[in-house]
Every structure is written in C-alpha cells, then in structure tokens.
Amino acid sequence: MANYITFSIKKFSLAFFTVILVCIGSILPLSSQANSFFKDSAAKTTDKTKRDDYRLHAVRVISSDLKLDGKLDEAAWADAKTISNFTQRSPVIGSSASENTAVKFLYDNDALYIGAILYDSSPDSIAAPLFRRDEDGFSDWFFAGIDSYNDERTAFVFATNPRGVQKDLLFYNDNQEDTSWDAVWESSAVIHEDGWSVEMRIPLSQIRYNQSKDINTMEWGINFSRHIARKDEVVYWSPTPPDDSGIVSKFGRLDNLNNLPKKNQLEFIPYISSKLDRTPLTGQNPFINEYESSVNVGADISYGLSSNMTLTATLNPDFGQVEVDPAEVNLSAFETFFPERRPFFLEGSEIFDFGFRPILNLGGTPQIFYSRRIGRAPQGSVPSEAAYSDVPSQTPIAGAVKLSGKTPGGWSVGLINAVTRQNDASYSHSDGRIESIAVEPLTNYSVGRLQKDFRGGKSVVGVMMNSVIRNPSQPALAGIISDQAYSAGADFQHQWNNRKFRINGKFAASQVSGSKAMISRLQQSSARYYQRPGADHLNLDLNRGSLSGVYGDLMVTRQTRHWITQFRGYRVSPGFEVNDLGFQTAADRSTFTGVNLYKQPEANGIFRNYSVFTLAALTFNTAGDLVGNMTGIGSSFRFKNFWSVSTEVLGSLRSYDDRLTRGGPMGMTPASMKFNTIVSTDYRKKLQLKFTSRQTIDELGGHRRSGSVMVRYRPLPAANFSIEPQFTSYKTTTQYAGTIQSPSNTATFGKRYLFADMHQQTLAASIRADWTFSPKLSLQLFAQPFISAGEFSRFKELERAGSMDYKVYDEESGSVQFNSETNRYEITPGDIAEESFEIRNPNFNVRSIRGNAVLRWEYRPGSTVFFVWQQTRSSRGNAGTLNLADDYDQLFRSPANHAFLVKLSFWLGT
C-alpha cells in the first residue's frame, strides 16, 4: 500500500510539473518585460492615442422636447454629431461591421439622450423577441456604456432590443459584470424598412459622476456596441478585441459635457404587500392556521449625497417575489451554497466583491462576505421534547443601510449596516402547554469596503472589514452562536505591459469570540476537526474563548490573443473562520493550481471559435499531507452551424482524506476519473436542445453518472418554454454512517467509524414558461419536481487509519440484522459480541415539488405590481429505492402549502 501511494504521488507530481513546464513556455516573455513592471508610460500613451481616435462630441439641448418614439425625427437630432465606424469583436476580429450603425448623443440639465439607427439589409430577419426586463435570449441588442467616473474600470450600461425590452448592468474591475444593477430610465425602439432605431433617455440622477474641476471641459469614457443575433456578430464603436482582458479601459471619449449640474438623487419607494398562506391542518398542531393573512409595509430609500456617492436604506424589506431555492439532499458534512436573490443586496454588490475570479475554481475558498447571512434561517432550535413547534424560516431584517460610490480621487467606498430582530420560536408540550424560546438573537452586521485606483485603473489596492455583534442571552444560544465575529482583509491587482500581465492577491484575518462551548464547537466543526487523532499540528482547547486565523491567496496571469496562463496558490490556516458573515467550508488547506488555455476567437475551418486547456492542482493540509489532486484537459468547440461541444477529462490519484471520518483519523480517497460532455444545438432556432453528461468513476467501484436534456422552445417572439429533466445515479462505497465508541478498537483510536455502500438515484426537472405581453407586463411560471432515493448496504468499518481498508460486516465477520419494528439495524462487529450496537435505518426517499407564478407589471417607470402564487409539497419515506409511480403518487397525495402575495411599490424620485 505504502509503495503504491508513493508511486502514485510521484506519478502525479510528474504529470503536474509537466503541465507547469508547458505553462512556463508561454509565460517566458515575462522576463523580457520585467523592466516595464512599473514603467507603463509607453503603453499608456498608445492607449490614450487610440481613445482619442474615437471621440464623440456631445450636443447640449437648450429645451428638451424630444419625444421618445424611437424615430429620431426631431430637429435636435439633426444638429447632433454622428458616429458610425463600428468594428467587429466577433466573428471576424477587427473587420468592419457587416451592417451600418449611426449613433448620436444629446444632453440637457436633467438627462442624457442617445439615439441610434441600426441599419439592416434584411429587416425581416431582425431578432426581436419580447421578454421580461433584464432577461436574456436570442435577440438583437444595442448597448450604450458610460464611464462617468473616468476610472477606466467602471461603466453604467444601458441596452434596448428592437421591441423596446430594457436591460441595464454595471461593469466593474474593467471586465466583470453586475447584472443586478437597475436604473430608472426610458427608451423606445421601432423596426422600419431600413432596420431599426432606438431612443434612450437616461436621467443624470441614475448614474454617478465626479464633478470636473473645470466644468467647461468635462469628459467621460463611452462606448457603444451592437449584437446582430442571426449572424452571431458583436460590433463596438471603440474596438474591444477579445484577446484583451479589458472592456471599460477600451472605451472612447465623450467630450463637450459643459456645466453638468450636481445631481443629488432622491428615490423613495414605499411598498405594501398582502399575503395569504393556506396550510393544510395536521393532527393537533396548535400552530397551524389553515388560512393566515398578513399585511406588510416598508420602503426603500436612496439619496445621492453627491453626484458620485449614494446612501440606500431599506425598512422592513419584503422579498416575497424572490424565486425559491432548489430542493436538495445533502449527505455531506458541509453546507450548500445558494446564490443571493434579494434585490437590496444584489444591487451594488460589485463594490463588496473581495479579491478576484480565477479560471479554475476548486471550491472551498473562503468568501468573507456572503450577504445571505443577513436574515438567515434561525440557528437555534426548540427543545427535543417539544410535541409541536413553530420555527420561522427566516430572521426578519429590521432595517439596513448601504453607502456606495466613488470619489474624484479614485477611492471606491462601500458600507453596509444591517440589524435583524430577535427571532422566537413557539413550541408545545405533550400536556398542551405552549412556550417560546429565542432561536436567533438581536444581531448587528457591518461591512466596510475601500478601494483605490492607480495608474488609470491598472493597479488597484483595497481593504475590507466585517463585523457581527450579537447578544445571545439564552444559554442554549450562547453554546452555538458567537458573541462577536470580525474579519479584515486587503486585496490588490497590478497590470503591466498594456494589461498583458496581471498579478492579484488577497489576504485576510479573522477572529471569533463566544462561550467556551461555542468555540469548542467551531474547533470540532467539519471545516477543521481539531479533535482528529494523529493531527499533531492541531490543538483542541476546550477552554478557549476565541478562535483566529489567516487566509492568503496569490495569482499570476498572462493573457494574449490566443493564450491565457494562470498560476495560483492559497492557504487557509486551521483557525480561519468567517461563516458568521461569509461562507466557508474548509480550513487547514494549502492549494496550488496551474491552468494553460489556448483559444482561437476567430473562424478557422469548420469552427467559429474554440479553446483547449490543461490544468493541474495539488492540495495539502498544514501538516503536509496530500489531501487532494487533479490533472485534466478540456476543450470547447463552436461550429459554423452554431452547434457547440465542450468536453473535460479530469483525473485524481489516491490522496489522504482528513474529513472522511468526520472528526476521526485520516482516511483515504480512491483514484478517480471524470468525463464531462455538453452538446448544444443552434440557439438561433425556435427549438434548442442541450445534452449534458457527467461521469465519475473510482477504483473502489463508486460512480456518479448524471445526464440531462434541456429543451427550449420559442413558438412566438413573446413566449418561451423550457424543460430540463436530469437523472443522477450516485454510488459510493464509503458513505459515512456514524461513529461508535469501542475502547478495544485501538487501530482506530478507540472508536468504530462506520461506512456503507450507498446508491442514490435522483430525478429532478426545471420547468419554465415565460409569456411577455409587453416590455412592462410579463408572466413567469416555474416548477421543480424533485425525487431522490438512497439505499444503504454492506455496512463496514474503517480497519486502519490512513488507509482504504474496510471490514465489511456480515461478509468478513460479524452480522447485520434489520429490525422492522424499531426501524433500526442491529450490528455485531464479530470480534467482541458485547460491543454490539444499533443504528437507525439511513435509507431515504425525499420527494418535493416547488413552483411559483409571478405576474409583474411595471405600471410606471420604477413602480411595479407583483401577483405571486407559490406552492410547495413534500413527503419522506425510507424505502430507499426509486419507484416513479409510487413516489409521484406519494408526492401528489401529500398536502400542499399555498401562498398568495400581492405587492405594490411606487417609485418617487428625481
């Protein structure tokens, strides 16, 4: 065994360093550019000259009487300057656009006006569907991006399709998108015999800008782009080639912005919502009201402290229209990550984005700010003897404020402070008495973010500070929830040689304090397992009142037209902990990765574009044990018929596993191979199909086989239907089943670590139907049926620490008997009969269906009415096998919970 492990590690190391050498081959020019690391003046001059070649002269409108009808027939448009020389980003890089585009720009004291005529030689072929605002789909688009900060990193982007559907987004860090940003603006589009045209009115209050020292010479960055869907053509006014990592830094210049007023934006959006919950009666549960109604009132307030700094507040926010999270069965020791969906926390989230985004993300990297912790599900619970209970699903947010913006000196500022109320749960005793208990204390959350730009945005340095302060007054809460939690970090980015080379880094420290019981729980949590036998580098101290640690992450990237090479290394110390306001599943880790990607962005032979990559990764714990490894290759091909194919082949050799026994001694992970394939048909057609296959096999006979088919059908420009059924078969021979005390079992430190073969089958589907009646009125339907069954067999125990050797009960020694009356397994290990034990039946059947219908009407700009219906059904069993007829019968026989919500918001603003 030891020889095999040694050989495996040597073999993997050889493969890893082979990949590294290949990567180094493409990054050798780094040495010849060393002298330009801090001297970037030549490149800067070239960039400036290029931007000056793309300059648009804005024209002030004395009295704006423009009618937004998309026709550009007012006299003011005739006096405006016109730009029309657009260049392809794809499919033929650098070529002139196949269709002409003419853009004009006007402004007055209140708003910016953008007019565009998008000529088309085949107006009947213009892709002009109707769908909900900010949605994506097969459509022509016109985009206008405004860098009003003049920082070459941030841009407010406004887009309209030929049917007047609006989309707005925010670019930050030069090339990253925040699609959650929303503004209140107006637009109109019309299709005509020459193509289509669009008019936009963007209030100055909806963008942020720095006041120029000389109000007569104000300039901004600006760019326009057009997407011609049927040709898969993307064109820009100021060229933005795909081989350059920058987007905003490639903008042209907008001049003649004279005497722009200083706009202090004020928005007040009150809301009122009414909700009716219909819950079926269950037994003698005193907390169920079959029909329960409620009314909520709250407001969002936004005030521009200056033209570039905004204060936003929310009072008693309501998120009833937010789509529910998908169902899952989590058999691991780690929490599942769900993305943020709430508008208040989504908008402006780019400022609080800490660090960078690598090409290869293995998961497990700490995220020091995770906004879903604010208003999270209560962490406490009712006493185990409770007959019935009423535990809230979320903690109510009393209020939250957010300050964000950018100063003229290049400082980006972001501050969040939120307060959640104490959350109580009611429960009843068997004799009918009802009591309540706190399950989440009054809590204050604070987040602070600062960033500073240097060298025209090519270098950035930032800091971030978070705090959570609670008052867990009840002993039950004090044992599981921290009193105070703090984290602070710094991040940076430095680019040189015309942004071809980039180095990113982020470093953070954390400290959590609370009761001894709470800190002991953190030390023994699945992220670290301080109690693990043989882990001499860890020190379990049950008398500690705090826990602290550090995290460091460094990445170097070289990017050219065809090559991207990236190396990364990060370390998370054992005591690092940010789950109070962040998201973290692992500590005690050091990881090193290398990726080399070749891409061909231009048409070549039968391909429209393609890319090929190699990667390698090694992960160690602090003691130096190899606890993870991976090498692989992959490719992505897009053909001229608009079909696409992506493939990956990834391999891992044996490695140690210090999480397998969930606090016990070291185990071992078997060698495995992964094969992933995705095939997509032409997205331009009314009917589009996508086939996904993911296969994993390991040397012990385990596997994970998953297949899905996405079918999307667009029968009309205003309707879109999709269904994506997915079937997964997962078999593991090492599913954790429990730990039993056994003083005689010295090979595993006086305990038996139980495992089993587990075969899980899951059938799920995502079903969506969207019908858009107008750009302001839409209906969305969503349903997710979910059925999963897991059967446990061949119970066993780990025979020796640090091995893949298991003793299978009822085969090698001992016996396993199932007691149907108690629904438990009675196990006799075989060596000492007195040490027989029982475990509950772990087999499971989980069935659920979640669905909602949302009718959204924007009856005036920024003001909406939501009509929402939600239904949930669920049931459980322990047959352990998947039987579609029986499972669906059981699911639809289970009582349904219905919720009906009407929410009205009204936008008042300048």
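Me: Buried means under 20% relative accessible area, exposed means over 50%, and partly exposed lies in between (1.4 Å probe, protein chains only). Why is Asn498 called partly exposed?

Reply: The relative accessible area of Asn498 is 31%, so the residue is partly exposed. The model is a predicted one, in which local features need pLDDT of at least 70 and side-chain atom pairs count only at pLDDT 80 or more, while totals for chains, interfaces and linings use all residues. Residues are numbered from 1 along each chain as its sequence is written, and side-chain values use heavy atoms, leaving out hydrogens and water.

Me: Why is Phe642 called buried?

Reply: Phe642 has a relative accessible area of 5%, and is therefore buried. Phe642 is placed in the loop between β31 (626-639) and β32 (644-652), and its phi, near 75 degrees, is positive in a residue other than glycine.

Me: How do you know that Thr160 is buried?

Reply: The relative accessible area of Thr160 is 0%, so the residue is buried. Thr160 belongs to strand β7 (residues 155-160). Leaving aside neighbours within four places in sequence, Thr160 has contacts (heavy atoms within 4.5 Å) with residues including Trp141, Phe142, Trp185 and Trp196.

Me: What makes the pair Thr160 and Ser187 a polar contact?

Reply: The side chains of Thr160 and Ser187 are joined at 3.5 Å. The term requires N or O atoms within 3.5 Å, one able to donate a hydrogen and the other to accept it, with sequence-adjacent residues counting only if both atoms are side-chain atoms.

Me: What makes β42 and β44 edge strands?

Reply: The open sheet runs in the order β42-β43-β44, with antiparallel pairing. β42 (815-819) and β44 (837-840) each have a single partner strand, so one side of each is left without a neighbour in the sheet.

Me: How do you know that β42 and β43 pair?

Reply: Pairing requires that DSSP finds at least two bridges between two strands; β42 and β43 (residues 824-828) have five, in the antiparallel sense. Asn819 stands opposite Arg824 in β43.

Notes:
Helices (H or I, at least four residues) and strands (E, at least two) are DSSP runs, numbered from the N terminus.
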